[in-house]
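Dear colleague,

I am handing over the structure that you asked about, with the sequence alongside. Please look through it first, and then read the notes below it.

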Amino acid sequence: MCPQATSVQTRPSRYLAYARRSLLVSIWFAILTFPIIVIRANTITGIITWRWHNIGWIIAGTFFGSWIWGYFLERKRLGTRAPAGPLRRRITALRGALDRLKQRPQVARMSVVILVLAVVAFPFLGGMYQTNIMTTALLYVVLGLGLNIIIGLGGMLHIGYIAFYALGAYSYALLNFHFGLNFWLALPIGALVGGLFSLAIGIPVLRLRGDYLAIVTLAFAEITRLVLENWSGLTFGTAGIRNIPRPAIPGIRLTLPQTTTFVYFIMIGLVLLTIFVVNRLENSRIGRQFVAMKEDFIACQAMGVNIARTKLAALGLGGMWAGLVGVVFAARTTFINPASFTVWESIIVLCTVVLGGMGSIPGVITGALVLILVPEYLRAFAQFRMLLFGAILVTMMVFRPGGLIQKRRRAYRITAEEQKVVAESGDLSIQG
Amino acid sequence: MVLDVRALTMDFGGLRAVDHVDLQISQGEIVALIGPNGAGKTTFFNCVTGMYTPTTGTVTIARPGSEPHNITRMRPHLITAQGLARTFQNIRLFPEMTVLENVMIGRDCRLSAGIVGAILRNRKTLEEEEQVVLDSFRMLEIVGIGKWANETAKNLPYGAQRRLEIARALATEPFLLLLDEPAAGMNPQETRDLVALIRRLRFDHHLSIFLIEHDMSLVMTLSERIYVMDYGKLIAVGEPAEVRRDPAVIKAYLGEDVSA
């Protein structure tokens with residue numbers, strides 16, 4: 001009951017304090033959930049069943065949940081000052097061994113080879129169902145990496161990202177329907193459409209930040225969906241567009257499983273392209289500007305960075321990827337309608353970025369794979385999916401706010417020779 | 001004359017924070033702006049650097065050897081590109097970036113690499129990047145924190161953070177450096193080092209310096225001319241010895257009842 005006094009308290013009494021607190025939490029929770037957990041009213045027969053045993057489960061579950069939660073919170077609060085238990089020592093030792101292993105060049109080479117083999121072999125070993133799931137996950141990897149430019153690097157809370165995905169998908173579907181445009185031409189057009197629309201909504205919201213920007217972008221996504229739903233003359237409304245051609249290689253007829261594999265490899269290619277481009281952007285002048293703008297936009301401006309241009313660059317470069325994979329999405333499912341592009345989809349992409357680690361490429365990839373693949377394989381728990389989702393996100397935010405794989409800043413090496421040159425030229429005339 | 005401010009006025013609604021202030025700085029001068037809390041010093045700074053748009057008045061700057069240039073109502077990043085650089089009263093570094101990267105942002109307005117260059121990594125971009133690293137490192141050496149180049153900025157000791165702000169401002173190639181309370185929170189030793197640094201910047205690097213400061217010993221030893229503000233108005237201008245004796249200044253600092 002008195003968390004401030006923990007430093008003078010002995011260990012057992014501290015645990016007792018948790019226990020008391022947990023008990024209170026569980027009783028409170030039992031009262032809160034009483035109407036839905038205990039009472040079941042059958043409105044047809046008019047019989048009310050009292051399921052008292054459920055309350056026991058709730059109390060027990062909440063008690064232990066709360067106790068463990070409190071324990072970990074305390075550990076986190078103590079940080080490194082906490083005495084290392086045997087488990088923690090073992091984890092540290094394991095981590096050290098892993099780090100040493102990673103530094104060996106053979107190990108690095110081997111893991112790359114294994115990864116490449118696994119990626120190539122996957123569709124042949126996994127079958128169509130697995131390949132489809134993986135392709136979906138890869139779509140989200142690209143979406144996550146794209147949104148990461150806006151949120152992770154640029155620091156703009158954008159909740160309408162899926163709108164650009166929708167625009168990409170619709171531009172392929174419609175251009176194909178009216179003009180017979182093929183998939184390969186549609187790809188760059190989709191990217192262009194995504195990027196341009198992202199810029200277009202960026203201009204009016206240049207002054208907005210944080211929550212305000214989030215609300216405007218959220219509204220934009222909803223407006224886009226509503227327009228797609230109601231502008232029946234152009235978009236065919238809620239009925240959607242069907243029979244969108246799958247990606248094809250000219251002159252070769254692919255069976256359905258072959259096409260599935262083909263799309264998988266297209267996505268692998270696009271993921272690699274995204275990683276390549278995002279990585280280069282990150283380690284460049286523009287990437288630095290993004291991060292500086294996110295960290296302190298006033299100082300950034302005062303140091304001579306054009307904030308408006310930098311913001312628009314982040315939005316345009318981010319929106320592009322959604323438009324690009326939107327085309328793939330349309331081609332893969334062969335049918336699109338506005339229901340595929342709800343705000344919920346935006347939130348999932350946002351979650352992949354936050355869960356994985358803002359600004360970190362491996363983090364976002366991991367986040368996307370986890371968030372898309374885990375629910376697929378946990379179909380059995382489908383009912384609890386959202387609950388689990390929420391629990392995971394809250395836990396992450398409390399215990400690892402930087403994400404699964406946190407971003408590390410790059411270190412620059414300045415050689416001794418260069419240092420000497422610098423030391424000798426002491427004056428400020430820098431042009432040289 | 002590197003900076004010429006004429007009748008600068010800044011209103012916030014009904015409040016006149018800066019009231020018809022005239023201020024001139026010559027090449028190579030160290031000028032201080034002092035005044036009690038809330039006198040409008042930082043607002044004045046913000047008007048000059050473009051963070052605020054002044055209600056009336058003009059701000060003109062001239063890089064030594066060039067024509068004067070009216071910068072009133074210009075956007076802050078353009079003013080910085082013109083050769084005015086500033087630091088902040090409450091340190092505003094990019095806390096999660098490394099020390100070197102902080103300075104590299106200062107170099108930004110002198111760079112030309114674009115998005116295409118970033119993706120293609122052509123020779124020009126690579127050479128520019130290499131040069132930025134070296135130039136930025138040089139700035140760190142000038143203010144004496146080169147050994148911390150790859151440290152995260154927020155982990156630096158307080159005094160070093162202040163120095164980093166100066167290094168970052170220097171990286172923009174200014175001819176006039178505006179320092180907003182550079183010695184705030186420093187211990188006497190750090191303040192002495194700061195005075196030496198500012199003098200060196202002026203003599204070795206030919207900068208003009210304009211600073212706001214509360215530490216009177218620093219102001220009196222360092223500055224050649226002092227402007228005193230109170231309630232948004234300029235109440236005295238002159239050399240340190242004159243200003244120190246000025247009855248209006250004494251009244252502003254110590255209150256009505258104390259007779260000088």
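**What was found**

A:Ile365 lies in helix 14 (residues 361–377) of chain A, where helices (H or I, at least four residues) and strands (E, at least two) are DSSP runs, numbered from the N terminus. This is a predicted model, in which local features need pLDDT of at least 70 and side-chain atom pairs count only at pLDDT 80 or more, while totals for chains, interfaces and linings use all residues. Residues are numbered from 1 along each chain as its sequence is written, and chains are lettered from A and ligands numbered from 1 in the order in which they are written.

Because A:Ile365 has 25 C-beta neighbours inside 10 Å, it counts as buried (20 or more other C-beta atoms within 10 Å of its own; 12 or fewer would be exposed, and in between partly exposed, with C-beta atoms placed from the backbone). Leaving aside residues up to four places away in sequence, A:Ile365 touches A:Val141 and A:Gly356, a contact being two C-beta atoms, placed from the backbone, that lie within 7 Å. A:Leu138 is 227 residues from A:Ile365 in sequence, yet the two are 8.6 Å apart in space, C-alpha to C-alpha.

Chain A is divided into domain 1 (3–82) and domain 2 (128–399), with bounds that come from an automatic or database domain assignment. The centres of these two domains of chain A, taken over C-alpha atoms, are separated by 39 Å.

Turning to chain B, there is an open sheet of 4 strands in the order 2-1-4-5, with antiparallel pairing (two strands pair if DSSP finds at least two bridges between them). Strand 2 (15–25) and strand 5 (69–70) of chain B each have a single partner strand and stand at the edges, so one side of each is left without a neighbour in the sheet. Strand 4 (residues 56–61) of chain B runs antiparallel to strand 5 of chain B and is joined to it by 2 bridges, and B:Ile61 has B:His69, in strand 5 of chain B, as its bridge partner.

The contact between the chains takes 42 residues from chain B and 33 residues from chain A. Helix 5 of chain B gives the most to the side of chain B that touches chain A, with 6 residues.

As for confidence, the predictor gives the complex an ipTM of 0.91 and a pTM of 0.86. Chain B averages a pLDDT of 91, and 98% of its residues score at least 70, pLDDT being the predictor's confidence in each residue, from 0 to 100.

With best wishes
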